[in-house]
Every structure is written in structure tokens, then in C-alpha cells.
Amino acid sequence: MLIEYPLQERNNDVHLWITAPQDYTDTAALEVYESLLSVAERRHYAELAQPDHRREYLVGRAFVREILAGYTGQEPADITFTNNASGKPSLQLTEGGERL
């Protein structure tokens, strides 16, 4: 993925990120992206039967992790997500549980 770091927020900026999973065909790159996933994400990825669905899931998760890493300064694989009781995801920024 071609993302320049560090990403910086400025007041009133809106950042829109778009990716096209079907364009990601490099097997070596996809293996790197898989290494960024959490254990739960890898499990879900492995359960997907359709190759297109698998690529969409993998590229989408890796893309989000890469972007968030640029904003937080964390490594993409170290990004932790939590879900509330309704299943809404949030980004856990610290070990203490601060969420975004």
C-alpha cells in the first residue's frame, strides 16, 4: 500500500480513503497483509469460502490497519479493535482501554 507517513490531522480536514481489492493480486503482498491481521481476523478470513470475499476482507482489514497506523504511530499489526455490546467497533489506543 502506498501511504505516506506520518498522516496528520488538521482542523476541519476530511480524509477519504478508497481501495479496490480486486486490484490486489500480488501473492507476496497478500501474505504480508495476512500477517497484519489479529488472530480473530485470521480465523474469520480462513472461514470465508469465496476467493473474492477472502480478498475483499483481507485487503479491507489491512488497508484500515495501515491507515490507522499512520494516524496513531502504531504498527499496523499492533492495532487493537474492540466491539461494544451492539457490535460497533472502536479502536483501542492504549493498554488501559482508551478508545477512539
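User: Is Arg65 buried or exposed, and what is its relative accessible area?

Analyst: Two notes come first: this is a predicted model, where local features need pLDDT of at least 70, side-chain atom pairs count only at pLDDT 80 or more, and totals for chains, interfaces and linings use all residues. Residues are numbered from 1 along each chain as its sequence is written, and side-chain values use heavy atoms, with hydrogens and water left out. Buried means under 20% relative accessible area, exposed over 50% and partly exposed in between (1.4 Å probe, protein chains only). Arg65 is therefore buried, with a relative accessible area of 1%.

User: Which backbone oxygen does the side chain of Arg65 reach?

Analyst: Arg65 is found in helix α3; helices (H or I, at least four residues) and strands (E, at least two) are DSSP runs, numbered from the N terminus. A polar contact is a pair of N or O atoms within 3.5 Å; within protein, one must be able to donate a hydrogen and the other to accept it, and residues adjacent in sequence count only if both atoms are side-chain atoms. At 3.3 Å, the side chain of Arg65 reaches the backbone oxygen of Leu36.

User: With which side chain does the side chain of Glu41 make a polar contact?

Analyst: Glu41 sits in helix α2 and counts as buried at 6% relative accessibility. A polar atom of the Glu41 side chain lies 2.8 Å from the backbone nitrogen of Ser38. The side-chain partner of Glu41, at 2.8 Å, is Arg65.

User: Is Glu34 buried or partly exposed, and what is its relative accessible area?

Analyst: Glu34 belongs to helix α1. Not counting residues up to four places away in sequence, Glu34 touches Arg42, Tyr45 and Leu58. Glu34 is partly exposed, with a relative accessible area of 31%.

User: Which element gives the largest share of the lining of the largest pocket?

Analyst: On a 1 Å grid over the protein atoms alone, a pocket is an open set of points where a 1.4 Å probe fits, with protein on both sides within 12 Å along at least five of seven lines, and lining residues have an atom within 4 Å of a point. The lining of the largest pocket has 13 residues, with Ser38, Ala40, Glu41, Arg61 and Phe81 nearest its centre. Elements giving two or more residues to this lining are α2 (39-47), α3 and β1 (80-83). The largest share, 4 residues, comes from β1.

User: In what order do the elements of the protein chain run from the N terminus on?

Analyst: The secondary structure comes to 3 helices and 2 strands. Of the 100 residues in the protein chain, 26% are buried. From the N terminus on, the order is α-α-α-β-β.

Methods
Contact = heavy atoms within 4.5 Å.
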